[in-house]
Amino acid sequence: MSVLQIGAGGVGWVIAHKCAQNNDVFGDITLASRTISKCEKIITSIKGRNNLKDSTKKMAAVAVNADDLDALVKLINEVKPDLLINAGPPWVNVNIMEACVLTKTAYLDTSVATDLCSPGQQVPEAYDPQWAFAERFKEAGITGILSAGCDPGVVSIFASYAHKNLFDEIDSIDVMDVNAGDHGQKFATNFDPETNLLEIQGDSFYFENQQWKSVPCHSRMMEFDFPVVGSQKVYSMAHDEVRSLAEYIPAKRIEFWMGFSDTYLSYFNMMRDIGLLSPEPITTSDGITVKPLQVLKAILPDPTSLASGYTGKTCIGTWIRGQKNGLPKSVFIYNICDHKESYIEVEHQAISYTTGVPAITAALLYFQGKWNDVGLYNVEQLNPDDFLDLLPRVGLTWQVQELKA
């Protein structure tokens with residue numbers, strides 16, 4: 001057996017560690033990135049943390065440009081992986097999926113292929129470029145698993161589990177993501193700044209009564225009393241899983257909420273107001289063309305560098321309300337993850353950990369023959385019980401909290 005992983009950022013770092021911890025199943029592991037030194041650094045970390053379970057299996061680092069379809073096809077044909085795990089930025093998803101169809105290689109990713117704030121890429125259209133591959137995956141006889149991260153991913157599976165096991169009818173699904181940790185920086189993003197700052201500046205889209213509704217970013221807020229991390233402000237945001245949940249889980253309203261501190265929003269609003277968050281190219285007085293958001297990305301701390309000093313916990317979960325046996329019911333299904341404990345295990349912080357562990361859980365289910373039907377699937381379409389049974393062994397526990405209906 002063998003696995004090819006594309007992407008060596010924060011999430012890729014954790015996926016590679018977890019892949020190595022389970023290489024008795026996955027076999028040889030090849031890490032690929034535009035910058036080969038990033039892959040080599042991850043392999044050094046894996047060996048330094050003694051996370052290579054079977055030392056007889058190989059780990060290799062290679063360079064590849066995921067925007068180059070021919071280079072991807074060539075690499076896949078050389079490695080001949082049983083599964084390709086895409087841990088790259090969202091905008092490479094479609095190209096990598098094309099390469100997988102051409103080489104008849106199984107595919108898994110952790111996020112949607114759109115930036116969610118550009119015209120034609122809003123939540124109502126999210127997944128369209130990837131869902132367009134459905135028939136081609138069937139014709140190629142391969143499996144594709146979409147959005148097997150945390151949010152999207154685990155939170156979607158929480159909703160699927162609730163729909164299957166806890167409710168007769170669902171009124172509302174609220175996905176809630178709070179990072180109550182502290183990295184010691186005045187302003188930084190927990191994963192790729194370009195991806196992060198694009199997704200949080202667009203209008204929020206939510207699904208209600210079979211219609212898409214939108215409000216300006218950060219204009220819709222509520223406070224929620226989270227387990228362990230306490231009361232937090234969360235803001236309505238456009239996010240991948242709202243579209244897929246609306247497609248596959250019957251509910252009257254579906255919305256995504258993320259926690260932001262007042263300080264974070266002050267910095268964010270200032271940078272947005274002066275144009276630093278724009279992905280559009282501008283030309284300076286010296287005739288140099290730059291994209292402000294990419295300049296900001298170069299200035300901000302590398303998310304990987306935040307891990308060693310991170311303290312505190314994350315709480316990410318799904319709040320579901322509806323009816324069971326004719327009575328109102330309300331539950332919050334969630335995970336708590338500790339930044340320091342994540343660093344001790346895999347030398348990275350909890351934001352990346354909570355995305356990397358689910359991806360490997362899904363990959364293990366693929367190799368076990370439980371999530372390997374031919375075709376293209378979002379995680380909401382697959383058996384949630386299999387996933388949630390395995391998730392704690394891979395590294396994330398989960399709880400169901402009964403709330404007052």
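A disulfide is a pair of cysteine sulfur atoms within 2.5 Å. With that cut-off in mind, here are some close-up views of this predicted model.

**View 1. Cysteines without a disulfide.** By this cut-off, the count of disulfides comes to zero. Take C337: the closest cysteine sulfur to its own belongs to C150, and at 8.6 Å it is too far for a bond. C337 is also buried, with 5% relative accessibility. Another buried cysteine is C217, whose relative accessible area is 13%.

View 2. Helix α13 spans residues 339-346, and H339, S342 and V346 are buried in it. Looking down the helix axis, you will find these buried residues within an arc of 60 degrees, so they line one face of α13. An α-helix has 3.6 residues a turn, so residues three or four places apart point the same way. On the other side of α13 sit K340, E341 and I344, which are exposed.

**View 3. What covers the buried residues of α13.** Both helices and strands take part in the cover. Among the helices are α1 (10-21), α3 (36-48) and α14 (350-367). The strands include β7 (169-179), β15 (313-324) and β16 (327-338).

**View 4. The two ends of α13.** At the start of the helix, look for D338: one of its side-chain oxygens reaches to within 2.9 Å of the backbone nitrogen of K340. At the other end, α13 is followed by E347, which has a positive phi, near 60 degrees.

Key
Residues numbered from 1 in each chain as written. Predicted model: local features only at pLDDT ≥ 70, side-chain atom pairs only at ≥ 80, totals over all residues. Heavy atoms only, no water. Buried < 20%, exposed > 50% of the residue type's maximum accessible area, 1.4 Å probe, protein only. Helix = DSSP H or I, 4+ residues; strand = E, 2+ residues; numbered from the N terminus. Arc of directions from axis to C-beta. Contact = heavy atoms within 4.5 Å. Polar contact = N/O pair within 3.5 Å; in protein donor to acceptor, adjacent residues only side chain to side chain.
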